[in-house]
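Student: I would like to learn how to read aromatic contacts in a protein model. Where do we begin?

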Amino acid sequence: MSRQLRCNNSFTELSARERAQAVLDEGSLRELLDPFQRIESPHLAVQGLVPQSDDGVVVAKGMIDGEPAVLVSVDGRFQGGAIGEVSGAKIAGALELALRDNLAGIPTRAVLLLETGGVRLQEGNYGLLAIAEIHAAIVALKRYQPVVCVIAGMIGCFGGMSIAAGLCSAIIMTRQGRMQLNGPEVIEQEAGIQELDSRNRRLVWSMSGGEQRYAVGLADRLVEDEVEEIRDAVRAIYRLPKTHSSRSSQVDRFLYGLSKLDAQERLTPDALRNLWGDLRQPEREFVLPSFGQDLGIVEGMKNSRGRSFFDRLTKAHERVPTGTHSVLSADSQLGQERVRIIAVVPDAGNRFYRARNGEVGLDEGWRIADCVRRVVDEDKDRDKRAIVAIVDVPGQAYGYSEELLGIHQSCAAAVDAYATARLAGHPVVALIVGQAISGAFLAHGLQANRIIALDDASVNVQVMSKQSAARVTRRRIKELDETA
């Protein structure tokens, strides 16, 4: 380790390259696509923003405990660590290189050092697609080697990259690190200050900081902000017996946790610790309450384009129970193909009120995952039926309860299920009939082999509402329209 790293014991005060150097074995770092190669975003300069020569991501190969490793370190000081087209391609490409090594018989580890606000809003859907590619690479790679994530900096890990963290085999956090899907300012913009006061820093950290995430089973290790502690924690994970089970595949475990909730009450972080304490026991078998077969339309349920297309494509076919009114599923026949069709629809009676208009929320992510994984299990020894995701989702649910209870992990479960089904040989098709927005589209649609969108003015694919994007980027809506 260099003299500079020895003198500076704080991990978060290091540069992105120094963090990579601190985690890898001494003297083993070899940076890929270094700054002298000028791999930078082509989209920033035209918006009056100064690009960075490595686009804010350091990618390196090296050794961890003498074993080959690829390491990605996101620079939170550039654009808040946001992921754009180029930086996302670098991360996905590095993970795909590690996957290629493993397929060739070279066991290569992967570590992500994440300090990121999620999608770089100045690059919109380019960044959204890049993050979907990162998700796919993590799911494919962790079948061979654990993918470890470290969240240590004050910026934390947000947006689609919090879903990436939720897909990882293990998560290491410091107390000052945060992990949540929607930033506090965005929740306040979308849901109002009565839902969450973004200026209440004590509340924000108590709900999504490292200590809380570890206490309720959404992170695996809690460490101090010290180079040696983080370095040792990474190595300790790789010394454990290998397992193919990661948090995003433990659907019964988290559905059990949600079943214990009274959604009418506003839980405190301490109350959730008491309620979910047993979720930290990975060896325990969690038995879910049974749910009935009849989950048709109920009084007060809104129609939607997603529901209309689902009804037409599944007419006269038996519904598959999902455990919630907001996720519809049925087995149907399209031509000669057997298909499982899944849609997320509005539910005026949804127990989580921020998910009543067709948003992907806590129940929706985990129920999609359960539905898709059942298809994979049922077709293990026969022809793989196709899976069709009907997409009409106005976004993920923005709310205090959603972030406290880990909506990022719920979305990660859906992503993992779709990607796992695709890797198992199930053709996955997304049919966009309405809105396909942000984290909801990442969870329900973007892991498909093919995406079909209707040529219709009601079809809308975007990363965030204009109002929230303007607040996060500190621009006027008129400026955003001009840029677009």
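Tutor: This is a predicted model. A search of the whole structure turns up two aromatic pairs.

Student: How is a pair of aromatic rings described?

Tutor: A pair of aromatic rings is described by the distance of the centres and the angle of the planes. Here, Phe254 and Trp276 are 6.2 Å apart centre to centre with 80° between the planes, and the pair is edge-to-face.

Student: Which parts of the chain does the pair of Phe254 and Trp276 tie together?

Tutor: Phe254 belongs to helix α10 (residues 251-259), while Trp276 is in the loop between α11 (269-275) and α12 (305-313), so the pair ties together parts 22 residues apart in sequence.

Student: Does Phe254 count as buried or exposed, and why?

Tutor: Phe254 counts as buried because its relative accessibility is 2%, and buried means under 20%. Trp276, at 1% relative accessibility, also counts as buried.

Student: What about the rings of Phe254 and Trp366?

Tutor: Their centres are 4.9 Å apart and their planes are at 10°, so this pair is stacked; the cut-off for stacked is under 30 degrees. The pair links distant parts of the chain, with Phe254 in helix α10 and Trp366 in helix α13 (residues 362-378), 112 residues apart. Trp366 is buried, as is Phe254.

Student: Which residues form one aromatic cluster?

Tutor: The cluster is made of Phe254, Trp276 and Trp366.

Student: Where does a charged end sit over a ring?

Tutor: The charged end of Arg178 sits over the ring of Trp205, 4.2 Å from its centre. That of Arg266 sits over the ring of Tyr400, 3.8 Å from its centre.

Notes: Residues are numbered from 1 along each chain as its sequence is written. This is a predicted model: local features need pLDDT of at least 70, side-chain atom pairs count only at pLDDT 80 or more; totals for chains, interfaces and linings use all residues. Side-chain values use heavy atoms; hydrogens and water are left out. Rings of Phe, Tyr and Trp (its six-membered ring) pair if their centres lie within 6.5 Å; planes under 30 degrees apart count as stacked, over 60 as edge-to-face and the rest as tilted. Helices (H or I, at least four residues) and strands (E, at least two) are DSSP runs, numbered from the N terminus. Buried means under 20% relative accessible area, exposed over 50%, partly exposed in between (1.4 Å probe, protein chains only). A charge sits over a ring if NZ of Lys or CZ of Arg is within 6 Å of the ring centre and within 35 degrees of the ring normal.
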